[in-house]
Every structure is written in C-alpha cells, then in structure tokens.
Amino acid sequence: MPRNPYDVLGVKKDASEAELQKAFRGLAKKFHPDMNPGDKRAEEKFKEINAAYDILGDDKKRARFDRGEIDASGQEMRGNPFARGGGGFRPGQGGPGAGPGGAGFAFDDLGDIFDTMFSNARGGRKASGRGFSAKGEDELFQVEIGFLEAVNGAKRRITLPSGKALDVTIPAGIADGKTIRLKGQGGASGSGGAAGDVLIEVKVAPHPAFRREGRDIHVDLAVSLNEAVLGAKVDAPTIDGSVTLSIPKGSNTGAVLRLRGKGVPASKSEPAGDQYVTLKVVLPKSPDAELEEWVRTWSAKHPYNPRT
C-alpha cells in the first residue's frame, strides 16, 4: 500500500509549492540511481518519491487527494461519486438537479468543472473541448563532468524516474552551471497534454592544470633556468594534446605566450578561444655547488635589483 505522499516527501499538508519542490529535489538527488548504483532500496525509494511528487506537484491531483477522491497511488477511491464512469448520476436519471423531462445534472459535467478549477496552473495549457490539457512535469537533474569533457564535449547516460535511460550529448564548450533541455522527455501529462521536459544542470569539475576564462584556456608551464636564459623548444599541454612551444631567450617567470585557436573550440556563434601559457622558471630541486659559484661570480659583475 503506497504511503501518504506528504509523509514520503516529509512535508506538512499545507506545504507551499516552493516547499514541495525543495523537499522533492533534495530527496530525488539523495536517492537517484546514478548516485546509488546497484542499490535497489535507493531505487525503490526514488520511485516512491517521484510517485508522491506526481500527486502533490500537480495542483489538480493534490486537490483530489486532499478531498479523498484518489488514493496515494493516484487511483480512484471506491465509492467516489466524482470518478469518471463511477456510480454518479447520469443524464436522464433524475436526482438532485434534475429538470423537466428528466434531463438530470451529470456528475461527468461536474468532474469537468473540477478539472478546470484544479488544472495544473504551472504547465503550459491549451483549450481542448470543455477541459484543458496540462503539460507534464519537468524533471530536474544535475550531472558533474570533467573539465576536458566540458571543453571538448562528451556523452553521458542518465536514468529517468521511469527507469528509461537517455544518452545525453554534452555540447563542446558548455560552461559550468548551464542547463541542457531535452524536450518531451519529462513527466507524462495526466490530461492528454504534451510531456514535460528533462532539464539537466551541468557542473564542471576543476582541472589540476587548466583553468578557463570565457573561451580562453590558461595554464602554467615550468621551464628550467637554462631554457629561460638560452631559449628552447619544449612540449606544452593543450586541451587536445601536447604541442611544441618556443621559449624566447631571456624569458622570465610570469611571461605569457599565446597559442592561437587552442582554447575552447569554435561554435556556430563564437570563434575558437586561445590558450595562454604562463612561464614559471624553476631551479633544480637539489643544491648545486657549481651553479651557486657561477651565480656568485656572475652577480658580482652584473648587479641588478628585480624589485625596482
């Protein structure tokens, strides 16, 4: 027997729409199958949470549940005179509201009135006959991807509450916090309307070397003393592999070199970004007596103050 949906979501009967959404999102994230792989208990709990929100997140269903017309699973309660096709009065049966000639008031008509009064005001609605077709609920997800996946694009599989798996294409260059919308893949409409959408918020994990500013990529590159003083060709990392970078003679720590077009790949509306390489001159880890003696001799002949 399904539990009371208010108890499932842990909210009071007079909870606001915002409180319902907050409770649902917190529980859905906690028990989502992608967060609990192989955990059957979490999977069942996730289904229970979605079933509860399917009722309480829909104004019409919530009102009918509160009036005792449907149970916790969304099924019509026995003896409910408002149930379509139930034991209510039909035209020609007489009874309350019957007029001359036996043309009585049909509870089917009253059901239509309730449908209109308690139709889901949050979904897109379209008039259809006497009632409205409410759009199904949107389903919210969050997926974390790696820095290089976000820059170069990737594919991820998500599992919907229905158990359906979707392969989602992460577009190249997507930024942290952006949302991907999959139209018509969300909750089904209870009144014949269009299905809701799936909204996927993308969180991008930081990278140990690369950092992003707009469409440009930045990276620090360690160079030896002799490479900085004499110049050299060295391997430098980029988001799509190493390239050969020329270090000019006399390069200092903090010098910035640009690799054109090696940033975030071009999109339909924006050109490719650049990569900026900041040089860091690194001395040997172990003390070197010969280097110390050479520097001592050289500095005596070439004094200078780098802080002026």
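How many residues apart in helix 3 are Glu-43 and Lys-47?

## A pair within one helix

In this predicted model, Glu-43 and Lys-47 both belong to helix 3, which spans residues 40–56, and because they are four residues apart they are separated by about one helical turn.

## Pairs that join separate elements

Lys-203 and Asp-176 form a salt bridge through their side chains, at 3.9 Å from N to O. Lys-203 lies in strand 7 (residues 198–204), whereas Asp-176 lies in the loop between strand 5 (165–170) and strand 6 (179–182), so this pair ties together parts that are 27 residues apart in sequence. Lys-203 is partly exposed at 29% relative accessibility, and Asp-176 is partly exposed at 46%.

A further salt bridge brings together the side chains of Arg-181 and Asp-197, with 2.7 Å from N to O. Because Arg-181 is placed in strand 6 and Asp-197 in the loop between strand 6 and strand 7, the contact ties together parts that are 16 residues apart in sequence. Arg-181 counts as partly exposed, at 43% relative accessibility, while Asp-197 counts as buried, at 4%.

## Network and total

Salt bridges also link Arg-64, Arg-67, Glu-69 and Glu-76 in a network. The count for the model comes to 17 salt bridges.

Key
Residues are numbered from 1 along each chain as its sequence is written. This is a predicted model: local features need pLDDT of at least 70, side-chain atom pairs count only at pLDDT 80 or more; totals for chains, interfaces and linings use all residues. Side-chain values use heavy atoms; hydrogens and water are left out. A salt bridge is a side-chain nitrogen of Lys or Arg within 4 Å of a carboxyl oxygen of Asp or Glu. Helices (H or I, at least four residues) and strands (E, at least two) are DSSP runs, numbered from the N terminus. Buried means under 20% relative accessible area, exposed over 50%, partly exposed in between (1.4 Å probe, protein chains only).
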